[in-house]
Amino acid sequence: PIDMYQTDKEVVIKAALPGVKPEEVDVTITGDTLSIKGETKATDEVKREDYIYQEHRYGAFSRSIKLPADLKTDKAEATFENGVLTLTIPRAEEAKPKTIKVKTKEVIEGKKK
């Protein structure tokens, strides 16, 4: 699962990768596409026929998502803590929200006098 949110300064992506070691994760950004790839390896030597339930997924995985426009992808940073990969990508100056003060008609007419 992936969560992605933005602030005035950056876009943050969090991906849950339980059981995956940081050195086994490959993160790439090509254009406006973020790709996360890796592999979850089984640790137990239990025979398939001995399982009652097996809900943990093992094997290779990959996930690609489209990023918002106007990011400084060359300044992206990645951290890994408690099975959660966190990517932080700064927003370009022109992508940051700009506040425009709305004037009332009286203010505009008052300045013309």
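**View A. D74 in the loop between β5 and β6.** D74 sits in the loop that lies between β5 and β6 (77–81). The model shown here and in the other views is predicted. D74 has a relative accessible area of 65%. That value is over 50%, so D74 counts as exposed. P90 is 16 residues from D74 along the chain. The C-alpha atoms of D74 and P90 are 9.1 Å apart.

**View B. T86 in strand β7.** Strand β7 covers residues 84–90 and includes T86. Is T86 buried or exposed? T86 is buried, because its relative accessible area of 15% falls under 20%. Which residues does T86 contact, apart from its neighbours within four places in sequence? V12, I13 and K14 are among them. E77, A78 and T79 also touch T86.

View C. Strand β3 spans residues 26–30, and strand β4 spans residues 33–40. The two run antiparallel and are joined by five bridges. D26 has K37 in β4 as its bridge partner. Two residues lie between the strands of this hairpin. Here G31 adopts a positive phi, near 65 degrees.

**View D. Strand β4 against strand β5.** Strand β5 is formed by residues 59–66. How many bridges link β4 and β5? The count is eight, and the pairing is antiparallel. One of the paired positions involves G38, whose bridge partner in β5 is F61. β4 also pairs with β3, through five bridges.

**View E. The salt bridge of K66 and D32.** The model holds one salt bridge. In this salt bridge, the side chains of K66 and D32 meet at 3.0 Å, N to O. Side chains of opposite charge can pair when their charged atoms come close. D32 has a relative accessibility of 33%. This places D32 between the cut-offs of 20% and 50%, so D32 counts as partly exposed.

Notes:
Residues numbered from 1 in each chain as written. Predicted model: local features only at pLDDT ≥ 70, side-chain atom pairs only at ≥ 80, totals over all residues. Heavy atoms only, no water. Pairing = 2+ DSSP bridges. Helix = DSSP H or I, 4+ residues; strand = E, 2+ residues; numbered from the N terminus. Buried < 20%, exposed > 50% of the residue type's maximum accessible area, 1.4 Å probe, protein only. Contact = heavy atoms within 4.5 Å. Salt bridge = Lys/Arg side-chain N within 4 Å of Asp/Glu carboxyl O.
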